[in-house]
Amino acid sequence: MHRYKFILTRPFQFLPVIFGISVITFILVRLIPGDPARNILGTRATPTALANIRAQYGLYQPMWLQYFYFLKNLGNGEMGKSILYKIDVLPLIATRIEPTIALVLTSVILSILIAVPMSAIAARNAGRAPDHAVRVISTFGIGFPPFWLGLMLIILFSVELGILPVSGYGTTIGDKLSHLILPSLTVALSLSTVLTRSLRSAMLEALKSDVATAARARGMPESIVFWRHVLPNSLVPTINLLAVNIGWLIGGTVVVESVFALPGMGQLLVRAIFSRDYMVVQGVAMTFACATVLVNFLADIVTVAVDPRVKL
């Protein structure tokens, strides 16, 4: 169990990271051009009305004092009050978190289901036509922007074939899953190309390892050697890469949710930025940051559990 001692100390190492993200987010949000009060009241608002809105939300206070109140709210389990929605930020995020979590989870599952077979085909046929085909596909896949890929999928499956909904989220479980297919596939096609290249390289190294050679010497069929020894030993670097890319994936939901009109945190963030809703932008950014840190922490635990040789 000494291998898991880092579980007790690692959360304390994340505190400076979260603090730094909060400072950077707070400053960058307030550097966005525009006036939140004028965005709420419109161009014909009177100076008195604008002054009342600024006073109500503390926009007149020095930046350091606003940040102090922001930290105080975080310490009390709050994130302030939305200027646009007129409700507390934390409950607002809670109403939008389900579509984002569902999108991330389904995208990761689809990415794994795509990357593992493609990597296996490429590694077991190294230097031959299937390997070259997988490498070409993964190379081209990296260059496709998610928003363009999403639009192409909408045109194909929704407009031309009419088998999947264009946008939205739905109400029932089946309806929600059908609405998640195209957004998840958009993200998975982008993420799986990166995973495929990494997993293929790891599999090629594992095929040449002493463990695989010893298994062949014992008379094991090549298929058993691959699935029992090669694949498990190839997963460790891929787990870490997946954790890093999930951080990118969480941020990438902003684009995908906007393309498919999913009512998640990404769409909430975009609207908050355009309306200069500082508290919502800070709240969503902090939620994304904490989620990314948590995912990397869980990836470290899984890495240690999968490979006993790893010590963190």
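Hi everyone. Let me start with a term: a pocket here is an open set of grid points where a 1.4 Å probe fits, with protein on both sides within 12 Å along at least five of seven lines. One caution before we go on, which is that this is a predicted model.

So, to the largest pocket, which holds about 410 Å³ of space. It has 19 lining residues, and the closest to its centre are Val104, Leu105, Ile246, Ile250 and Val295. Where does the lining come from? Helix H5 (89–124), helix H10 (222–260) and helix H12 (278–306) each give at least two residues, and H12 has the largest share, with seven.

Now over to the surface. There is a nonpolar patch with about 900 Å² of accessible area together, and among its members are Val136, Phe140, Phe144, Trp148, Leu151 and Val255. Helix H6 (129–142) and helix H7 (146–160) are the elements that give two or more residues to this patch, with H7 contributing the largest share, six.

Let's pick one member, Leu151, which sits in helix H7. Is Leu151 buried, partly exposed or exposed? Its relative accessibility is 40%, so Leu151 counts as partly exposed, given that this class runs between 20% and 50%.

Thanks, all, and over to you for discussion.

How values were computed. Residues numbered from 1 in each chain as written. Predicted model: local features only at pLDDT ≥ 70, side-chain atom pairs only at ≥ 80, totals over all residues. Heavy atoms only, no water. Patch = residues over 30% accessible without salt bridge, like charges linked within 9 Å, V, L, I, M, F, W, Y side chains within 5 Å. Areas by Shrake-Rupley, 256 points an atom, 1.4 Å probe, with all protein chains shown as cover. Salt bridge = Lys/Arg side-chain N within 4 Å of Asp/Glu carboxyl O. Helix = DSSP H or I, 4+ residues; strand = E, 2+ residues; numbered from the N terminus. Buried < 20%, exposed > 50% of the residue type's maximum accessible area, 1.4 Å probe, protein only. 1 Å grid on protein atoms, 1.4 Å probe; cavity = no way out; pocket = protein on both sides within 12 Å on 5 of 7 lines; lining within 4 Å. Points joined across faces, edges and corners; volume = space filled by probe spheres on them.
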